[in-house]
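Let's take a walk through this two-chain model together.

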Amino acid sequence: MPDGATGRAATVEFEHVTKHYDRRELKRGAPGAVNDLSFAVPAGKICVLVGPSGCGKTTSLKMVNRLIEPTSGRILLDGIDAAGRDPTELRRGIGYVIQQTGLFPHQAIEENVATVPRLLGWPAARRRERAEELLALVGLDPATYAGRFPAQLSGGERQRVGVARALAADPPIMLMDEPFGAVDPIVRERLQDEFLRLQETIAKTILFVTHDIDEAIKMGDLVVVLADGGVLAQFGPPAEILTSPASDFVARFVGADRGLKRLSLSRVADLDLLAPVTARPGEQATEEQRRALAASFPWLLLVDDLDRPVAWVARQHVRPGAPLAEAPSTPAEPLLDRRATLKDALSILLGADVHAGIVVDRSRRVLGLATVAGIAALLRESAPRDGSPGALAAAEDPTAEGPP
Amino acid sequence: MTISWEWIADNLDEIGAATLEHLQLTLIAVGVGFAISLLLGLAAYRWRGLYGPIAGVAGLLYTIPSLALFAVLVPFTGLTVLTAEIGLVTYTLLILVRGVVSGLDGVPRDAVEAATGMGYTARQRLARVELPLAVPVIVTAIRLATVTTVGLVMVTALIGEGGLGQLMLRGFNRSFPTMIYVGVVMSVVLAVGLDLFLVGCQRFLTPWARARAT
């Protein structure tokens, strides 16, 4: 397109990328170098670069839009070497979000958002339209915010504007350098959730830098773990980083609680749900139900005509022949959404009277039961099958020898 | 030591002309000084190594007593406006170059980095991000240079220029205090007026600087 808007996502490949700063720059405290870094990000995925400070993650990011030039190696965007393109033109096609937001204090929010469209020469009316569209997209009412200056916004609002500005010309690639680093944890969590929802629609290829492993696991489709000196420590999906850390360094970096961290990666929908023993409130209890409850989970679930949960009845109150409506019952809780993470589900289960979550669909119909045992089983299943019986346990112990 | 209101009433034209001349000398000096300082300041901002020498020379020039400077210039350029302006411009350089450089240095780094990362060319970035954000500091320097220059213009009376300075000089020679008072009052009025005008310019140019969370 003549205006530079492409609207699609692009692949990003690092091929043996190395960056050496010379002595003079090292003395000035420049970020650490990058050594022989190779990885490939498919179009439309979020790849998080994570590692301790000075590991070269920001340097790696800035080599993509050539704010820093690699000493050797190539970075391919959609198969084309970035080094061969005009830097200015290249940058206009790559969204860029930084931690301190980099908003221009002297420009109104609308002008800030329309920065790249202005550079690309879009007419004023179209710029305004696009800015308003983007502000609405990131949850800021254009009527309220378009005319304000950055100083009049809260930290979280400024971060949203930063994201909107990076999206302005619909670039196929976005670079985000600790984009949610400067806000408090509650706002950060909300911005992360919103951004993941946004990504479902925009499906950009995103390189995302953070020093926070939890953020990396949450945001990444893929995670690049960098060690000091800009050496690739591990590259893979978050689950793989957590279940089979490639080295002691990665294991230490993801932390001893990585078993718990994995809980945020899976959702209730991934569980094999337990089929509950159910009955309608008007029915009488049967011997068969009593036997079924003895064999499995000791609570009978009363459901209405539309299969929606009504109440729990404990096994000792299920007396064959007695009407179930008269049996002492417990409220039908907790209810779980299929999209809830296992971390949230487990937390709810541990606090509930009945240790099973009733998983319901949108119309509150019962789909099955989620139990602590079920969650544990899923974690065991997704752990690497490497022959050792306690793969998970072994992985938790940093002193244990890994499988050959 | 009384003021002759009569003289003032009879010589409004002369007072007006002297004030206007004073204003012209000031504006030309600050205008030319700013143009030179902007170029020098931009060069020093771009090539950091130049800042030391530029600031050093400007500082050295600033220490030369004004009378001595005019005395040195007269053999070359005569008793002319040019001589006066060369001197006046020279004294603005130190303040203005420093103002330009510290204004540009004060531009938030993240804004500059974001501008580069989004595809501004160096020139676009300077014109649309760095200079606009340096305006408050630069205007402050211009105010200082302007007020200083209003005072220095008085001295150029000694080489036949001087605007209100001429008025004062003649007052001294004739032992006629009214002319001295008028010269003093009008130069203060001029300095305060120009300063207020510049404050107004700054407020107009930088609505964002006053914008705070509402």
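What follows goes from the overall build of each chain to the contact between them, and then to a few local details.

First, some housekeeping: this is a predicted model, in which local features need pLDDT of at least 70 and side-chain atom pairs count only at pLDDT 80 or more, while totals for chains, interfaces and linings use all residues. Residues are numbered from 1 along each chain as its sequence is written, and chains are lettered from A and ligands numbered from 1 in the order in which they are written.

Start with chain A. Its secondary structure comes to 17 helices and 17 strands; here helices (H or I, at least four residues) and strands (E, at least two) are DSSP runs, numbered from the N terminus. The C-alpha trace of chain A spans about 85 × 60 × 35 Å along its principal axes.

How much of chain A is buried? Of its 404 residues, 41% are. A residue is buried if 20 or more other C-beta atoms lie within 10 Å of its own, exposed if 12 or fewer, and partly exposed in between, with C-beta atoms placed from the backbone. As for contacts in chain A between residues at least 6 apart in sequence, 65% join residues at least 24 apart. Two residues are in contact if their C-beta atoms, placed from the backbone, lie within 7 Å.

Now turn to chain B. It has nine helices and zero strands, so to speak a run of α-α-α-α-α-α-α-α-α along the sequence. The C-alpha atoms of chain B fill a box of roughly 65 × 50 × 20 Å along the principal axes. Of the 214 residues of chain B, 37% count as buried. Among its contacts between residues at least 6 apart in sequence, 72% join residues at least 24 apart.

For a look at helix packing in chain B, find α4 (residues 66-77) and α5 (residues 81-105). These two helices pack at an angle of about 140°, with their axes 9 Å apart; axes are lines fitted to C-alpha atoms, for helices over the stretch in contact, and angles run from 0 to 180 degrees between N-to-C directions. That makes α4(B) oblique to α5(B), because angles under 35 degrees count as roughly parallel, over 145 as roughly antiparallel, 65 to 115 as roughly perpendicular and the rest as oblique. On the α4(B) side, the residues that meet α5(B) include Leu69(B), Phe70(B) and Leu73(B), and their partners in α5(B) include Leu82(B), Ile86(B) and Gly87(B). By class, the residues of this contact are six nonpolar, five polar and no charged. Ala, Val, Leu, Ile, Met, Phe, Trp, Tyr, Cys and Pro count as nonpolar, Asp, Glu, Lys and Arg as charged, and the others, Gly among them, as polar.

Where do the chains meet? The contact takes 20 residues from chain B and 19 residues from chain A. On the chain B side, α6 (109-117) and α7 (122-155) each supply at least two residues, and the largest share, six residues, comes from α6(B). That side of chain B has 11 nonpolar, six polar and three charged residues.

Leaving out residues up to four places away in sequence, Pro105(A) touches Phe149(A), Pro150(A) and Ala151(A) in its own chain, plus Pro108(B), Ala111(B), Leu133(B) and Trp208(B). With 18 other C-beta atoms within 10 Å, Pro105(A) is partly exposed.

Most residues other than glycine have a negative phi, and most peptide bonds are trans. Ala203(A), though, has a positive phi near 45°, in the loop between α9 (185-202) and β8 (205-210) of chain A. Asp307(A) has a positive phi near 65°, in the loop between β12 (299-303) and β13 (309-314) of chain A. The peptide bond from Glu333(A) to Pro334(A) is cis, with omega near -10°.
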